[in-house]
Each structure stands twice: as structure tokens, then as C-alpha cells.
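Hi everyone, thanks for coming. Let's have a look at this one together, and I'll walk you through a few spots.

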Amino acid sequence: MAVYGFSLARAGILAAALLLAGCAAAPSRPLELVRNDDARVQDYATRLIEHEMRKQSIVGLSVAVVDDQKLLWARGFGFADREKGVPATPATLYRVGSISKLFTDSAAMQLAEQGRLDIDAPLNRVLPGFSIRSRFADAPPITLRGLMTHHAGLPRDYLKDFFTETPPPFTSVIPLLADTDTAYAPGTVLSYSNLGITLVGAAVERAAGQPFAEHLRTSLLAPLGMAEASFSAGPSASPLMARGYDKGQLRDEPALRDVPAGGLNASVTDLARFASMVFADGQAQGGQVLKAATVAEMLRPQNADVPLDLDGRIGIGWFIGKPLLRHGGKVVHHGGATYNFHSTLVALPEHKLAVVVLSNSAGSAAAVDRIATEVLSVVLEARSGLRPPPVAVPAAAGPLPEAEATRWEGDYATLFGYVRVERRGNALSAEVLGTRLDLAPRADGRLGLGYRLLGLFPVGLGEIGQSGLSRRTVAGREVLVAERQGLEALVGEKLPPPAQPGWVRPYLGRYAISNLGKDVPLFKEIRVRESAGYPLLEVQVQNGPPVRQVLLPQGEDRALILGSLADSGETVHCRKANDTVECRFAGYVLTRVGD
């Protein structure tokens with residue numbers, strides 16, 4: 001799970017990819033594989049994992065490969081607890097972060113099967129006491145289906161007490177939302193929300209009539225044979241639990257309030273059992289966990305009629321599609337992240353193959369995803385003979401016509417924050433997360449991304465360099481679209497001129513959280529700046545690059561923090577009293593403390 005707002009998960013992955021561009025090459029993939037040559041697959045996977053662990057200072061990692069109802073391969077690498085010399089194994093428990101959501105959603109669907117939850121009813125019917133402010137007239141109601149598909153329009157997080165020394169019950173957030181605003185109208189665009197799945201967990205707890213963690217244990221974990229797995233605010237007390245690390249140094253893993261969204265402790269073999277249940281149409285050793293029709297519904301794209309989602313697809317819980325695995329048919333997956341742990345589960349339902357990768361090291365997100373994708377691709381080839389087609393990046397084209405370069409120039413709200421596209425002559429460039437990227441024309445009519453070390457020496461961007469950017473009108477919006485291997489995704493929207501020039505000036509300066517209490521400090525620095533007339537919220541996190549988000553004024557005392565759209569986002573409320581300036585966001589009170 002991404003534990004911060006402001007799209008910092010995407011920012012961290014992009015920054016890591018930029019920093020690692022040009023690093024030593026990974027082991028070469030076998031040129032050809034004999035059918036079912038598992039030994040060669042495992043040898044290549046082992047070399048790849050060891051390479052990625054060295055490159056990103058990963059202390060411990062476990063992997064499992066699933067072939068329908070069989071655990072094809074499972075192994076640990078490095079250490080679960082380096083200080084005590086405890087090796088990582090297939091039985092090692094990790095915080096799996098947002099993979100927890102698949103279990104919370106599955107529990108909701110079990111109750112729906114039993115007629116105890118209606119996933120299409122207005123949420124306040126199944127969760128009395130829920131209310132939230134909306135800026136959108138005639139918006140459809142928020143439902144459990146909308147929450148489980150991240151289309152309910154909720155904020156990403158309620159940050160106060162999210163990571164804290166002694167977290168309150170996750171249900172404590174429900175009454176706080178009455179003083180909170182939606183970010184998007186339901187059904188407008190996929191907008192990932194930990195908060196949304198926490199509300200699903202609250203609905204599950206209420207309908208089940210027993211504590212959430214206990215219900216998940218009896219309804220899902222025990223039938224799946226996940227004897228050591230558990231939902232909890234912090235790491236398990238089991239001796240199998242891994243310790244967390246950051247840059248190779250031992251770090252405490254803070255407790256989490258939003259247990260349904262990210263509180264599962266599990267091993268790769270536990271998650272392998274979950275994948276096998278899906279492949280068996282809901283059947284597990286402990287009986288029928290989900291009906292076959294329910295499994296099919298969870299894997300069915302739920303957002304095909306949402307124009308702004310483009311090729312991005314999501315089922316109930318499951319994300320659908322990965323460019324580098326398209327040759328394997330439908331791809332379903334979910335990743336996760338907590339403070340020190342990263343995880344991913346990727347499956348090919350048509351071939352009944354899956355890979356699980358879990359790590360106990362902060363900063364390993366890109367490695368975990370790469371390992372899972374590449375290992376599953378090689379296993380698919382060994383089982384079916386399907387080899388990925390060559391990655392084709394269109395050739396460079398001549399310079400942009402002046403009119404086209406002028407059309408691109410300007411300011412954008414994006415998933416990675418505020419981006420300004422500038423041109424010198426007909427050459428375009430953009431600063432993304434503090435890194436200057438070249439935007440060069442390609443033969444397919446899109447713009448490719450390039451990077452020059454010290455502004456002089458071209459450096460390959462790896463997978464990022466495969467993406468092409470275009471602009472088009474979708475649902476009446478002038479949006480920025482990224483394409484990779486035939487799949488398109490919304491990146492952002494061009495901004496109109498600043499709505500209220502000068503609005504930001506009374507709010508400029510550096511801020512501190514005045515009601516932090518015993519929460520884990522997520523931010524090193526918070527500032528409000530101005531650039532080209534746009535007010536910007538700049539956040540420097542503990543383990544990531546600074547991210548600048550556009551603030552869109554909504555009157556004198558509040559503004560929207562823009563994400564991928566130019567007129568929607570989470571709300572920050574501000575007030576001025578004499579020399580004191582305070583802003584409220586996601587439960588935090590931000591007080592201006594300097595220039």
C-alpha cells in the first residue's frame with residue numbers, strides 16, 4: 001500500500017528508476033527453454049534475484065512460484081533478521097501491505113454471497129454513521145463496489161493516526177469523515193484509496209458481527225491453510241516474522257491504524273495458497289472459500305465504461321493488465337508497501353501461473369516488481385512456449401513543427417506532481433521530481449523520454465524509456481497519455497492559466513504539523529511555493545524525492561490539491577488570523593513556521 005498521499009508511491013518508483021538508469025545489466029534471460037525445464041528457470045530466477053538484491057541493498061526476500069494447485073518453487077534469500085543470523089525462507093512472515101486488500105475484498109464478497117452485504121447499496125445503508133462532504137451535485141452514491149474498485153472518489157488516506165505508536169481502532173476514522181471532502185465524483189476516474197478499503201473492512205466487521213481480524217482468520221486464513229498469517233496493526237509476534245530494514249539498516253516497523261487496507265502478515269507460501277484458490281474457482285483445502293461466480297466477478301474488469309481510465313482496468317480488488325506480460329493473456333496483480341516492506345502478487349489466470357515476491361527492505365519496490373514480472377514471464381515460457389515479443393521502441397523522428405512544440409508547452413497536473421514543459425526552439429524538456437527529461441519526437445507521433453547526465457551525456461532510462469507521451473481530448477479534457485507496449489494510461493491534464501493569481505501569497509512559507517502527537521513523522525518538510533503564478537504544495541518525505549502539487553483555489557479559505565486532473569483533488573482548508581496561518585489536511589493541522 002502507498003502510505004502517503006500526494007501520489008508519493010508513484011514518485012518513489014519513478015525516482016528509483018531514474019537513479020538506477022545505467023546501472024550494471026541484469027543477468028541475461030535464457031535464449032530458449034526446453035518445455036518444463038524448471039531447473040534452468042530457477043537458476044535464472046536465482047541470479048536475477050541476487051542481482052537485484054545487491055543493486056538495491058535488499059536484506060531479505062522470499063519468492064514463490066505457483067502452478068495451479070502446486071507450489072512449483074519457493075525460496076528465501078538473504079536474512080529475515082540479519083542481526084540474529086536468521087535466514088529468509090518461504091515460511092518467513094512479511095508485512096504484505098496492500099495485498100491485504102484482496103483479502104478484505106474477498107471477505108466482503110463472501111458476505112455478499114450470504115446476503116449479509118449489498119455491495120451496490122449506498123454505503124451509509126451498510127455502514128450507518130458514514131457521511132462525507134461532496135462538491136459534486138447529482139453525484140451517484142458511494143458503494144462498496146466503488147470502494148473496492150477505487151472509483152468512489154474518496155481521499156487516498158486520513159493521515160492523522162495512520163502510522164502511530166498506539167493506533168486507535170480503524171473504525172475510529174468513520175465519524176471523522178463527516179468533516180472531510182471527496183476528491184472526485186464517484187465513477188469519474190480510478191483514484192487509489194487506502195481509506196476506501198478501511199471502510200470496506202468496517203462494513204465487513206459490522207455485517208460479520210465479530211472483530212475484523214478474527215472474522216478474516218475464520219473465514220479466509222484458516223480455510224486457506226494460512227496458519228501463521230494474521231491481520232494486526234503491527235508485525236506479528238511469531239518468531240517467523242521478518243525485521244524491517246532501510247538502506248541496509250535495521251528499522252522499527254510502525255503500527256498501522258488501517259488494518260483492512262494493509263495489516264496482513266503472511267508468507268509467500270500463504271499467498272501462494274490464495275492464488276491456488278483463485279485458480280480453483282474458489283475451492284481450497286478447507287472447502288469452498290468463494291463461489292466460482294464470485295471469483296469470476298472479482299477478475300472481471302469493472303471500469304470498462306470509464307473513459308478517463310483508458311486501458312487501465314481493475315476488477316474487484318485485482319488490478320488487471322501488465323504491458324510486459326500481455327502475451328500471457330489476462331494478467332491480474334496487486335502490490336503492497338509499508339514503511340519497510342514491499343510485496344507483489346502477479347497471476348495469469350488463463351495459464352494458472354502466479355509469482356509472489358516479498359521483501360523486508362524499504363526502497364525495494366522496483367526490484368520486487370521487476371523480479372515478479374520477469375520470473376513469471378520465464379515460467380510462462382517454460383510451461384507454454386510463449387516468449388515475450390521483442391520490446392519495440394519507435395525510432396526517433398525529426399524535430400517538432402513549431403506549432404506542435406507550442407501546443408505542448410505549458411503547465412500540467414500529473415500523477416507525479418506539477419510538471420512544466422518548456423521549449424528552446426522546437427526542443428522540449430520537462431522537470432519531473434527534480435530531474436530534467438528531454439521530450440523527443442518519435443516515429444509513432446508520440447514523444448519519447450530521454451535523460452542526459454550532467455545535461456550532456458545521454459543515459460538509457462530502461463523501462464521508462466519505452467513509454468511514449470501523447471495529448472488528446474478524452475471526456476472533454478485535454479489530457480496527457482502515456483503508452484507502453486500498446487497499453488495507454490492517464491498521466492495528467494494541461495492546466496489553464498492560474499485561476500486566482502496572487503491567491504497563494506498570504507500562505508507562502510514553511511509549515512510544521514502541530515498535532516503530530518505520537519504519529520510517525522512522514523514528512524521532512526512541507527512548504528507552499530509559487531511557480532509561474534501557480535500555488536504549489538511541496539512535500540519532502542522521509543524516504544523519497546520532493547513532490548510539488550498544484551493548489552487550485554476554491555474561495556479564500558480552501559484549495560484542491562491536484563493529482564491527474566486539473567479541477568479535482570483532495571481538499572486543504574486554510575485560515576489566517578493575524579500573523580498565524582493554519583491549514584488542515586487529512587486530519588493534520590499545518591501551522592506556518594517560517595518563510
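When I say contact, I mean heavy atoms within 4.5 Å. This is a predicted model, so local features need pLDDT of at least 70, side-chain atom pairs count only at pLDDT 80 or more, and totals for chains, interfaces and linings use all residues. Residues are numbered from 1 along each chain as its sequence is written, and side-chain values use heavy atoms, with hydrogens and water left out.

Let's start with Gly321. Setting aside neighbours within four places in sequence, Gly321 is in contact with Val331 and His333. Gly321 sits in the loop between β12 (319-320) and β13 (332-337); strands here are DSSP runs of E, at least two residues, and helices are runs of H or I, at least four, numbered from the N terminus.

Now compare Ser361, in strand β16 (residues 361-362). Ser361 is buried, with a relative accessible area of 1%. Not counting residues up to four places away in sequence, Ser361 touches Ser57, Ile58, Val59, Gly60, Tyr245, Asn340 and His342.

One last thing about Gly321: how far apart are the C-alpha atoms of Gly321 and Val572? They are separated by 34 Å, with the two residues 251 apart along the chain.

Notes: Buried < 20%, exposed > 50% of the residue type's maximum accessible area, 1.4 Å probe, protein only.
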